[in-house]
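We will go through them one stop at a time.

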Amino acid sequence: MKAMRSWLFVPGHRQRMIAKAFGLSPDVVILDLEDGVPPRSKDDARGTVAAALGRVPEGVTPFVRVHATGSPELRADLRALSGAGLQGLVLPKVQGPDDVLEMHRWLDGHETLVDLPSGTLRLLATIESAGGLVQAPAIATATPRLAGLMFGAEDFALDMGLFSHPGQGLFDYARSALAVAAASGRITAIDKVFTDVRDSDGLALEARRARDLGFTGKAVIHPDQVAAVNEIFSPTGDEVTRARRIVTAFGSQTEGAAVVDGRMVDRPVLEQARRILDLLKE
């Protein structure tokens, strides 16, 4: 699968911003029909996004963020997308596996309609509440369509009754719990957006912390954030060099351990080294 490090949100009613995003280098462009679009512009956004999906440049992976399960806007979103060239949906405010399974069933029907092989289209579930976090391990294994879990920090803070969240230990716990849940389902974990688009140092610090917590990518809201996120969530030169040494040291042996730079290395470390080298091929 293609790397999914940077997920760039683009308001669905802003045609010029969509065209610009398609010309950049985010791993995924999220065409937003939900919170990024004012209520009076919802219908315009649906038409703009559906048209944009018909002219996606090669190499661009577009997902569409629809409204949450149970929202009166969701049916209109899906109706507008019924003939579009979807690759995936971002489902917000996921509370449990049933929310994901409802979208799974709709995608089953959509694939039949547009003659795609079953399971082609992917889902990203956004966890934005305490209830959703508690259910995250079950959500992560609800369907093979699920590409990952994303942490929605602003709504999570609201649900917890918090006035702010930077630096709070609770947020590190919530982010770590989400990353563990994603790993339990063998899917990717996408960190929250960093809202101060002028603070590049703060973005880098938060992204590195996210990587240490087990995240494999990050949501971004400005084109200038894309390059930093892609770099931070890619293997470093030192990691690649060490991974190659580990793979070489093991050679063709299928059991036991090997010595690398004077240290004993066992098979889980070998598998991690292979995973790092596989990322270079994507």
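Is L146 buried or exposed? At 2% relative accessibility, L146 counts as buried (buried means under 20% relative accessible area, exposed over 50%, partly exposed in between, with a 1.4 Å probe and protein chains only).

A word on what you are viewing: this is a predicted model, where local features need pLDDT of at least 70, side-chain atom pairs count only at pLDDT 80 or more, and totals for chains, interfaces and linings use all residues. Residues are numbered from 1 along each chain as its sequence is written, and side-chain values use heavy atoms, with hydrogens and water left out.

**Stop 1: around L146**

L146 sits in strand β6 (residues 146-151); strands (E, at least two residues) and helices (H or I, at least four) are DSSP runs, numbered from the N terminus. Leaving aside neighbours within four places in sequence, the contacts of L146 (heavy atoms within 4.5 Å) include V100, L123 and I187.

**Stop 2: an aromatic pair**

Now select F156 and F171. Their ring centres are 5.6 Å apart and their planes stand at 90 degrees, so the pair is edge-to-face (rings of Phe, Tyr and Trp, the last by its six-membered ring, pair if their centres lie within 6.5 Å; planes under 30 degrees apart are stacked, over 60 edge-to-face, the rest tilted). F156 belongs to helix α7 (residues 153-160) and F171 to helix α8, so the pair ties together parts 15 residues apart in sequence.
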